[in-house]
Amino acid sequence: DTGNTFWLPSYDVWNGFAGYTWGENELHLTVENITDEWYAHSAVNRNIISAGPPRTLRLRYTRRF
């Protein structure tokens, strides 16, 4: 807000990545927000607060040829 009277608390987000390669194949797993904590990502004022994303998993397989 314009008077700087509203502050968001700090937060920690844990992310992880694991990958494995064999021959021409690659497998990657990415996990964001491992602990699935709710946190305020951004805010305009005390009435408009955006939450951070929940736990997100991404799995990617790549084959080169």
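1. Two residues are in contact when heavy atoms of theirs lie within 4.5 Å. Keep that cut-off in mind for point 5. The model discussed here is predicted.

2. Start with the overall fold. The protein has zero helices and five strands. Read from the N terminus, the elements run β-β-β-β-β. Strands are therefore what to look for on screen, since the secondary structure comes to five strands and zero helices.

3. Next, the sheet. Three strands form an open sheet in the order S1-S2-S5, and their pairing is antiparallel. Strand S1 (16-22) and S5 stand at the edges. Each has a single partner strand, so one side of each is left without a neighbour in the sheet. From one strand to the next, the twist averages 10 degrees. Strand S2 (residues 25-32) runs antiparallel to S5, and eight bridges join the two.

4. Strand S3 (residues 40-45) and strand S4 (residues 48-51) run antiparallel, joined by four bridges. Ala 40 has Ala 51 in S4 as its bridge partner. How many residues does the hairpin use to join S3 to S4? The hairpin passes through two residues.

5. Look closely at Arg 64. This residue sits in the segment after strand S5 (56-63). Which residues does Arg 64 contact, leaving aside its neighbours within four places in sequence? They are Glu 24 and Glu 26. Glu 24 is 40 residues away from Arg 64 along the chain, yet their C-alpha atoms are separated by 5.2 Å. With Glu 26, the link is between side chains: a polar contact at 2.5 Å.

6. Buried would need a value under 20%, and exposed a value over 50%.

7. Finally, the overall shape. The radius of gyration is 18 Å, whereas a compact globule of 65 residues would have one near 11 Å. Along the principal axes, the C-alpha atoms fill a box of roughly 60 × 20 × 15 Å. Of the 65 residues, 12% count as buried. The protein exposes about 5600 Å², and carbon and sulfur atoms supply 56% of that area. Among contacts between residues at least 6 apart in sequence, 46% join residues at least 24 apart.

Definitions and conventions:
Residues are numbered from 1 along each chain as its sequence is written. This is a predicted model: local features need pLDDT of at least 70, side-chain atom pairs count only at pLDDT 80 or more; totals for chains, interfaces and linings use all residues. Side-chain values use heavy atoms; hydrogens and water are left out. A polar contact is a pair of N or O atoms within 3.5 Å; within protein, one must be able to donate a hydrogen and the other to accept it, and residues adjacent in sequence count only if both atoms are side-chain atoms. Two strands pair if DSSP finds at least two bridges between them. The radius of gyration is taken over C-alpha atoms; the globule rule is 2.2 Å times the number of residues to the power 0.38. Buried means under 20% relative accessible area, exposed over 50%, partly exposed in between (1.4 Å probe, protein chains only). Accessible areas come from the Shrake-Rupley method with a 1.4 Å probe; for residues, only the protein chains shown count as cover. Axes are lines fitted to C-alpha atoms, for helices over the stretch in contact, and angles run from 0 to 180 degrees between N-to-C directions.
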